[in-house]
Amino acid sequence: MPLLSVEGLGIDFGGLRAVNDVGFGVEPGEIVSVIGPNGAGKTTLFNMISGAYRPARGKVSLDGEAVTGMAPNQLAERGLSRTFQNLQIFQKMSVLENVMTGRHLKARGSLVADLFSTPASRRRTAEARTVASGLLARVGLDRAADQQASSLSYGALKRLEIARALALEPRILLLDEPAAGCNAVETEEIDHLIADVAKSGVAILLVEHDMKMVMRISSHIVVLDRGEKIAEGKPEKVSRDPKVIEAYLGVQEGSGHALG
Amino acid sequence: MTELLQYLVSGTTVGAAYALVALGFTIIYNASDVVNFAQGEFVMLGGMVTFFAWQAGVPLPLAALLAIVAAAVIGVLLNKLAIERAGAAPVVSLIIITIGASIFLRGGAQLVFDKQLHRFPGFSGDEPMNVGGVTILPQGLWVVAVAVMVFVLLYVFFTRTLTGKAILATANNRVAAKLVGINTDYMMSLSFALSAAIGALAGILMTPISLTSYDLGVPFALKGFAAAMLGGMGVPVGALVGGLLLGLIEALTAGLVSSTYKDAVAFIVILVVLFWMPQGLFGRKSMERV
Amino acid sequence: MRLSSKHLTLLILLAIVALAPLAFPSNFYYRIGALAFVNGLAVTGLVILIGFAGQVSLGHAGFAGIGAYTCALAPIYLGLHPALAMLLGTVISAGIAWLIGGPILRLKGYYLGVATLGFGILVSMVLANEVPITGGADGREVPELGLRAALKFIGIDLSNAQFWYAFTALFLLGGAWVASNLHDSAAGRALRALHDSEIAAGTVGVDVARYKLSAFVLSAVYASLSGSLLALMNKFITPDVAGFLHSVELVTMTVLGGAGSVPGAIAGATLLTLLPQALTALQAYEHMILGLIMMLVMIFMRDGLVPTLSRALRGRG
Amino acid sequence: MKSVLKAAVAALMIGVASPALADIKIGSTVSETGPASSLGDPEAKTLRMLVDEINAAGGVLGEKIELVSYDDAGDPNKARTFATRLIEDDEVVAIVGGSTTATTMSIMQVVADAEIPFISLAGALEIVDPVQPWTFKTPHTDRMACGKIFENMKAGGLTKIGLISGSDGFGASMRKHCVDIAGDYGIEILADEIYGPTDADMTPQLTNLRSKEGVQAILNAGFGQGPAIVTRNYGQLGIKTPLYQSHGVASKAFIELAGPASNGVKIPGTAILIADQLSQDDPQYAVVTAYRKIYEEKAGSPASTFGGYAHDALRLLVDAINRAGAAEPQAIRDAIEQTKGFVGVTGAFNMSATDHLGLDLSAFRMLEIKDGNWVLLQ
């Protein structure tokens, strides 16, 4: 049984079927990519899986447990974490604090202890700081640790979100366009990072427009078009699928995101 | 039975005044996402300017027009000098700015005018009409008629005219509105002027009924704000229904239950409505985009 | 490093409180100081709610009213010592905050504003209308705390004004210490996270509703203590303490000084407590000047006085 | 270091710098703005013009009076702060003020601790009962107002009444006392309605009073805009039962605001409202005429009962300082307490150790509005 499994998932916005009857599974250590033209419903699918939207139809299970429509924090407790396409950074915190907050589930404790700064409370914060510093080093942001998060570049913020998501020690990680807006070097760094994380046994679900990256690192690809799954399989199989090619060319008329 | 009708007449009159204030809130909110807590001061200015002009010998209709224009000008100034400069400040900052404006205008009115209560005669006299044992003031009819008329005009304005739609677009997405060629600064000023004018109109209409003074803006702002939120902020029909509902709840509670806690009942109703409908009665449900 | 900056801030605050009396021209300034501290305490609570968690309240004076009237009534009706009444006030405030916080904190922005406003108005209406118990709008007397007499007995002889200056300062310092602790703890980070992005906070595992509620209850406790102190210090209390204008005054102090920072908010409280006293010479213009200051600060110093000024200083140095 | 700090504090407190050397400093804190400004505004004006007049006439004990006056906006907490400031910082020898009962109560605490004489301008009985050594007051109590009204009702055979009152301090306090003593006059209160001080319409409450079986008269306890709206609504509903208002409406402005419906309204008032109808041998004739003249000249608006309270307070104080022969708080207090036969705008004051008001019902006159004017009933 896959770690994350999605069956028949769908949602409507004002009578419009934004996503309909989408299903797939993700195993530990696997990288599954969701691709499709703009407006295909990729981010909506992510939002349903991660609890931001409540799906109208279908089922999401995590390790066999039905988690459909659970709040994001309940999913976090079950080891699901994510990043956001349009960045959801804690702007007014320092870079380090952002990642420390990502460690919330391990760092939290009694509120009273936090109010009076008991040794236990300080110990929890110190542990979070140590882990967070390590993660910042891993994504190459250790030198920016004390800066205010809002001062970072777009690419750096993307990496910061990944570090924050990793602080949770997730079993499954949803990454929504982690390489968008990054230059070639940064993209390659993220590329390695994702592969690395997957290798440690984390299941990864990825939405990405950079087809080179998708083809290179995905173990499995799901293709969406107008809210429906039109193809699924290994990268080389999907890239030859006529339906996929048509979906892309038909919508985008050969613009930047054609299949590599 | 006549008692009940009398309560309804009272509630409708006062409720129509709340509705006018709430409509004022709605217009500015629609253009800028700002809830203007200085809205009550426009109500005050309407009454005070009209009274002092009238006392100086200006005929009442002209005095009222003068007050509306004066309020509109102050509304535009408020937008140009404060709101526009604040930009995309958080909700609390905007609350403080508009409350600051309210305190400023009240302080100014106290200096320019005076601290006494004032009144001028009703538009169609002060002789009440008796309809089957129920007393109706002609001025009360004026208030209700104008509130309904303003609502209809606003409804047409926002749904049928290009300018009205441009104001809505400005609120929805300032940048996009600019890109499609809407002069967003002008739309903001226009909506402040419109809102201030409607507030002043409410003040002018109510002065023969409930008197005016430099400090009656706050109670009107509170009730108008509550009415707008009850109906759903930003929706004209919500403002109208919210205002009338608030006035009716107050009058019926005072008449049938307890005059001591009529305001309390009004706020409890608001809390209960918001519990079931967090966007108010007619508010649009918004979905957070992530 | 963070820890030391927190302690440094508290030390500076302590030094100001301790040294300021050296410059007081008369006993009257102890009264102003104590008022600033009482306001500062409520405002520190609002820093937790508005500054950390990003939730608006236009009704927190309601909790100050509960704290104040518990101190006035519990000694008479329950025979409690005023100090215990103060504690009871915080328990009641916390309880009520917990009960109403659940439903109303689901509301956002202005809707939360009108709901909290309604709560505050309900409290002040009950206080004003239940005349046989509360004394109504004319207010009622509050029993003597008695601590000053006890201190005198052990040889510490303070004037009434001096005692309240010192006593309220202790509460303010304690409150500021607790709020600073919270700021740098896991719970504080959770609150600040949901301020910036509720959805991201949920994603990292923060139970958004629970933390909002905690912030609401905590700030209610601060407001309640502030109300209790005001009642005990004045030995007389009226429903104005719970009124809309007091709620707005508290929020203004919080935001003007800098909602995100404890010292900022305390500076805001001090400034707005001093201002009416400084403006008595310009009595007729007092309201205009106050309104103008509120607008100017919010327009030109968006983060509030202290954060903006300290950034400017750091930028230069 | 200390001097630097001192300078910093002084800079913050720009308002504190005390003007010119004062001879006798008298403090005041009244509600010039805020919900009670219809009381506080004429009070503050009266105090200023009287001090000028007294100084122009040579002052007191050969010294000039300096008036330090603050606006507490009707906020009891502010009133307490200003009272503290007057005593500790301005070092006044006496305080006049407290436009409302709540502000008065706050100030009383401070003057009791500091032992400074204080003459209040507020109505409630609680201010002088029980007697506090340092607090006096000039207005009739609300309990006396109730008594005066009930006396008149009883004489007119009106024993079953409907009560309506404002929820502010003035209305609530008077309501309480009226309910308390109604029985003593054989008056029965059949209906009891409340309105908020800023309400726009009171027809629901009045409709209830109108439809209540057996109500022979209506009594409204309140001040500010409420009573004017109540009177208008009373007229609109065509209610015929006699309407009594409190001394809270005792001004010319009320008649204008309430309009024709105010014809026939009765209140317990003071001589100032009927100054032109006083006979020359009325003991109050001289003082009332003089006060009215100076107020209307300088303020440009009709004199009201409220300004009269301030007038009497300041005159009482000056009289006491003269008799004490020294501007010392203790001496002034003792002298105020010994005031006998002092005729003011409000009435003749006879203070004692057990009576810090010193007025009886005799100076309280029942007035009625006829053709847009106050006239004396009797």
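The model is predicted: local features need pLDDT of at least 70, side-chain atom pairs count only at pLDDT 80 or more, and totals for chains, interfaces and linings use all residues. Residues are numbered from 1 along each chain as its sequence is written, chains are lettered from A and ligands numbered from 1 in the order in which they are written, and side-chain values use heavy atoms, with hydrogens and water left out.

**Exercise 1. Describe the six-stranded open sheet of chain A.**

Step 1. Elements are taken as DSSP runs numbered from the N terminus, helices being H or I of at least four residues and strands E of at least two. Two strands pair if DSSP finds at least two bridges between them.

Step 2. The strand order in chain A is 6-7-8-3-9-10, and the pairing is mixed. Strand 6 (80-82) and strand 10 (228-233) of chain A form the edges, each pairing on one side only. Neighbouring strands are turned against each other by 15° on average, direction ignored. For such angles, axes are lines fitted to C-alpha atoms, for helices over the stretch in contact, and values run from 0 to 180 degrees between N-to-C directions.

Step 3. Strand 9 (residues 220-225) of chain A runs antiparallel to strand 10 of chain A, to which five bridges join it. A:Val223 has A:Ala231 of strand 10 of chain A opposite.

Step 4. Helix 8 (residues 184-199) of chain A lies across strand 3 (31-35), strand 7 (172-176) and strand 8 (203-207) of chain A, at about 150° to strand 8 of chain A.

**Exercise 2. Describe the four-stranded open sheet of chain A.**

Step 1. The order is 2-1-4-5 in chain A, with antiparallel pairing. Its edges are strand 2 and strand 5 (65-66) of chain A, each of which pairs on one side only.

Step 2. Seven bridges link strand 1 (residues 4-13) of chain A with strand 2 of chain A in the antiparallel sense. A:Phe13 stands opposite A:Leu16 in strand 2 of chain A. A:Asp21, found in strand 2 (residues 16-26) of chain A, has phi near 50°, a positive value in a residue other than glycine.

**Exercise 3. Which elements line the second largest pocket?**

Step 1. On a 1 Å grid over the protein atoms alone, a pocket is an open set of points with protein on both sides within 12 Å along at least five of seven lines, whereas a cavity is a set where a 1.4 Å probe fits but cannot get out; lining residues have an atom within 4 Å of a point. Grid points are joined across faces, edges and corners, and a volume is the space filled by probe spheres set on the points.

Step 2. The volume of this pocket is about 930 Å³. Its lining has 37 residues, and those nearest the centre are D:Ala253, D:Phe254, D:Glu256, D:Leu257 and D:Ala258.

Step 3. At least two lining residues each come from helix 2 (39-55) of chain B and from helix 2 (37-56), helix 8 (225-236) and helix 9 (252-258) of chain D. Helix 9 of chain D supplies the largest share, six residues.

Step 4. The lining comprises 16 nonpolar, twelve polar and nine charged residues. Ala, Val, Leu, Ile, Met, Phe, Trp, Tyr, Cys and Pro count as nonpolar, Asp, Glu, Lys and Arg as charged, and the others, Gly among them, as polar.

**Exercise 4. Which pair of chains shares the most contacts, and where is confidence in chain D lowest?**

Step 1. With contact meaning heavy atoms within 4.5 Å, chains B and C share the most among the five pairs in contact. Chains A and D have no contact, and their closest C-alpha atoms lie 31 Å apart.

Step 2. pLDDT is the predictor's confidence in each residue, from 0 to 100. Among the elements of chain D, helix 1 (residues 2-12) of chain D has the lowest mean, 49.
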